[in-house]
Amino acid sequence: SMTVQDYEVWLRLGCAKEEQAYVQPVHFTLQLEYDELVKGAATDDLQDATDYVAITEIMKNTSQSKAYHLIEHLNEAVLSGLIQYLKSKYFKGHIKLSVKKIRVPVENLRNGVVFTCATRL
């Protein structure tokens with residue numbers, strides 16, 4: 001398995017215009033469970049591995065491409081981009097993506113809100 005843990009992206013997120021007026025940090029965590037051994041484990045070649053730099057670029061570019069109202073919609077947009085990338089790498093296995101909104105406009109909610117989706121390829 002591979003986990004990209006707490007990748008931070010600054011973006012516009014929120015239902016209120018006041019919330020979207022400023023960029024805020026969101027954390028992504030991606031977990032990949034492989035059905036087969038990753039070829040790169042034997043070849044030591046990036047072409048045979050899941051490139052986590054490419055994964056983080058998809059997270060960043062998708063998140064910053066527009067303002068989002070909901071973390072659910074943000075999660076779906078990023079997950080769709082990741083699925084497209086992983087299919088191009090012939091990934092087979094389980095994908096789980098979590099998005100954590102750290103700064104929520106709710107009094108006393110100190111550790112944010114997390115939305116998670118999972119699928120298989």
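Valine 106 is partly exposed, with a relative accessible area of 48% (partly exposed is the range between buried, under 20%, and exposed, over 50%, using a 1.4 Å probe and protein chains only). Valine 106 sits in the loop between strand S3 (93–101) and strand S4 (113–120); helices (H or I, at least four residues) and strands (E, at least two) are DSSP runs, numbered from the N terminus. Together with Leu109 and Val113, Val106 makes a nonpolar surface patch of about 210 Å² of accessible area. Patches take residues with over 30% relative accessible area and no salt bridge, joining like charges within 9 Å and nonpolar side chains (Val, Leu, Ile, Met, Phe, Trp, Tyr) within 5 Å. The areas are Shrake-Rupley values with a 1.4 Å probe, and for residues only the protein chains shown count as cover.

This is a predicted model, where local features need pLDDT of at least 70 and side-chain atom pairs count only at pLDDT 80 or more, while totals for chains, interfaces and linings use all residues. Residues are numbered from 1 along each chain as its sequence is written, and side-chain values use heavy atoms, leaving out hydrogens and water.

## Overall layout

The protein chain holds four helices and four strands, and from the N terminus on they come in the order β-α-β-α-α-α-β-β. Its C-alpha trace spans about 50 × 25 × 20 Å along the principal axes. Of the 121 residues in the protein chain, 37% are buried.

For a sense of distance inside the chain, take threonine 3, which lies in strand S1 and is partly exposed, at a relative accessible area of 37%. Threonine 3 and alanine 67 are 64 residues apart along the chain, and their C-alpha atoms are separated by 26 Å.

## How the strands pair

Start with strand S1 (residues 2–11), which runs antiparallel to S2 and is joined to it by eight bridges (two strands pair if DSSP finds at least two bridges between them). In that pairing, methionine 2 stands opposite leucine 32 in S2.

As for cover, strand S2 (residues 24–34) is mostly tucked away, with eight of its eleven residues buried.

## Two salt bridges

A search of the whole structure turns up two salt bridges, meaning a side-chain nitrogen of Lys or Arg within 4 Å of a carboxyl oxygen of Asp or Glu. In one of them, glutamate 19 meets lysine 101 at 2.5 Å, N to O. Glutamate 19 belongs to helix H1 (residues 17–20) and lysine 101 to strand S3, so this pair ties together parts that are 82 residues apart in sequence. Both glutamate 19 and lysine 101 are buried.

Arginine 120 and aspartate 35 also form a salt bridge, with their closest N and O atoms 2.8 Å apart. Because arginine 120 lies in strand S4 and aspartate 35 in the loop between S2 and helix H2 (40–43), the pair ties together parts 85 residues apart in sequence. Aspartate 35 is partly exposed, at 46% relative accessible area.

Helix H3 (residues 52–64) has 13 residues and reaches 18 Å from its first C-alpha to its last, close to the expected 18 Å at 1.5 Å a residue. That expected span is 1.5 Å times one less than the number of residues.

The buried residues of H3 are Ile55, Thr56, Ile58, Met59, Thr62 and Ser63. They cover an arc of only 150° around the axis, which puts them on the same side of H3 (the arc is that of the directions from the helix axis to the C-beta atoms). An α-helix has 3.6 residues a turn, so residues three or four places apart point the same way.

## Two positive phi values

Most residues other than glycine have a negative phi. Aspartate 44 is not a glycine, yet its phi is positive, at about 60°. Aspartate 44 sits in the loop between H2 and H3 and counts as exposed at 73% relative accessibility.

Asparagine 108 also has a positive phi, near 70°, without being a glycine. Asparagine 108 lies in the loop between S3 and S4, the loop that also holds valine 106. With 55% relative accessibility, asparagine 108 counts as exposed.
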